[in-house]
Amino acid sequence: LSVRPHPRRVPAAPVTFRAHLWDHPDLPRWLRFAQRDPGQPGFLYGCPLAPELGTHSIQVLAHNRRTFATVSQRLLIAVTPAPGGDAPFRAEFLVGNRNVEELLPEAARELFLQASAGLWERGDLHIANITSALHRGGRVPLPIEGRREGVYVQVGSHSPFSPCLVAAVSPQSRSRCHRGQQPLASCYDTFAPHFSIRWCNLTLVRPPPQMKGGKTPIMGVQTLILRGGKDPKVSGRQTQTPPDPTDWTRPPLTGGPPRPPRSIQLFHHSSIHGDTRELRRMAGSRDVPRPLSTLPMFNVRTGQRINPAPGPRDGARVPLL
């Protein structure tokens with residue numbers, strides 16, 4: 001009887017990813033990159049609006065922390081309108097026990113949609129936006145086991161809200177939240193125990209009276225996952241396969257403040273320069289006493305004065321005592 005030894009599994013090499021626009025140092029304003037540490041995959045996710053329709057060229061750099069090898073790969077991301085159009089009804093939940101990279105994989109999003117369907121009582125749901133609470137002004141949690149940053153998840157649908165969701169944002173529920181109590185809810189919490197929802201942060205977005213074309217976001221979310229291995233090869237796995245393997249359909253989300261117009265940016269830039277010049281002019285005209293280091297030293301007993309400037313290089317400096 002002979003026993004063959006089990007082959008040892010070589011652990012995956014730690015790989016650090018970096019992503020930016022091709023020939024530019026930064027990512028587009030609607031695209032984010034998240035990687036918790038070199039031993040975990042990286043995620044590219046974002047929220048393009050209607051003006052970002054088209055193809056975006058992204059360069060991904062992978063650096064092997066063990067062999068110090070570096071490779072580069074070019075990704076073409078095609079932003080196209082969502083086939084089903086914009087979802088007019090959207091509910092935004094704050095998940096307190098998750099980080100953003102924990103909700104970006106497809107399995108986690110499907111689990112969240114199943115829980116939302118039980119609460120919404122609708123089946124045509126899709127995740128419209130995923131945003132870290134840190135990007136909304138949240139605080140970095142203490143390095144304690146079990147603490148998470150929190151994630152805002154926006155779910156969209158073409159069907160109206162359920163009575164349970166409407167009751168959770170009613171004035172009575174808001175009043176209970178101000179007193180530190182849980183809001184009113186007439187349905188069972190289908191998110192427990194996987195997701196801890198901060199019900200006092202629930203927000204419902206109803207359709208506007210008239211949607212103007214070209215200014216509303218195209219709803220939907222997809223995630224590109226970057227994984228490392230023995231060699232720092234950049235490999236992308238798409239949660240939804242687009243028609244063309246070179247294009248990546250990225251329906252936009254609805255998170256993040258819009259960028260101000262260029263005229264406002266120029267005015268802000270000009271006001272900073274004007275305030276700086278005014279402060280310098282005020283500082284130059286102030287009547288302040290000379291620094292003590294520039295005044296002559298004076299001995300009260302003898303009346304002797306000595307210039308604080310250094311004397312000859314070979315001379316001795318005698319203190320006035």
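Leaving out neighbours within four places in sequence, Val166 touches Phe161, Leu204 and Arg206, where contact means heavy atoms within 4.5 Å. Please keep in mind that this is a predicted model: local features need pLDDT of at least 70, side-chain atom pairs count only at pLDDT 80 or more, and totals for chains, interfaces and linings use all residues. Residues are numbered from 1 along each chain as its sequence is written, and side-chain values use heavy atoms, with hydrogens and water left out.

**Around Val166**

- Val166 sits in helix α3, which covers residues 163–168; helices (H or I, at least four residues) and strands (E, at least two) are DSSP runs, numbered from the N terminus.
- Val166 counts as partly exposed because its relative accessibility is 35%, given that buried means under 20% relative accessible area, exposed over 50%, and partly exposed in between (1.4 Å probe, protein chains only).
- Between the C-alpha atoms of Val166 and Leu184 there are 9.6 Å, with the two residues 18 apart along the chain.

**The chain as a whole**

- Five helices and 13 strands make up the secondary structure of the protein chain.
- The protein chain has 321 residues, and 34% of them count as buried.
- Among contacts in the protein chain with a separation of 6 or more, 69% come from residues 24 or more positions apart.
- The protein chain has an accessible surface of about 20700 Å², with 55% belonging to carbon and sulfur atoms; the areas come from the Shrake-Rupley method with a 1.4 Å probe, and for residues only the protein chains shown count as cover.

**The disulfide**

- How many disulfides does a search of the whole structure find? The search finds one, with a disulfide taken as a pair of cysteine sulfur atoms within 2.5 Å.
- Cys177 and Cys200 form this disulfide, and their sulfur atoms are 2.3 Å apart.
- Cys177 lies in helix α4 (residues 171–178) and Cys200 in the loop between α4 and β9 (203–205), so the pair ties together parts that are 23 residues apart in sequence.
- The link of Cys177 and Cys200 is left-handed, with -90° about the S-S bond.
- Cys177 counts as buried at 17% relative accessibility, whereas Cys200 is partly exposed, with a relative accessible area of 31%.

**A three-stranded sheet**

- Strands in the order β1-β4-β5 form an open sheet of three, with antiparallel pairing; two strands pair if DSSP finds at least two bridges between them.
- At the edges are β1 (15–21) and β5 (70–79), each pairing on one side only.
- From one strand to the next, the twist averages 25°; axes are lines fitted to C-alpha atoms, for helices over the stretch in contact, and angles run from 0 to 180 degrees between N-to-C directions.
- Ten bridges join β4 (residues 54–64) and β5 in the antiparallel sense, and Ser57 has Leu76 in β5 as its bridge partner.

**The nonpolar core and Ser132**

- The largest nonpolar core has 33 residues, and Phe93, Phe112 and Phe191 have the most contacts inside it; such a core is a set of buried Ala, Val, Leu, Ile, Met, Phe, Trp, Tyr and Cys residues joined through side-chain atoms within 4.5 Å.
- Elements giving two or more residues to this core include β3 (42–46), β6 (89–95), β7 and α3, while α2 gives the most, with six residues.
- Ser132 has its place in strand β7 (residues 126–132) and counts as buried at 2% relative accessibility.
- Apart from neighbours within four places in sequence, Ser132 is in contact with Val100, Glu149 and Gly150.
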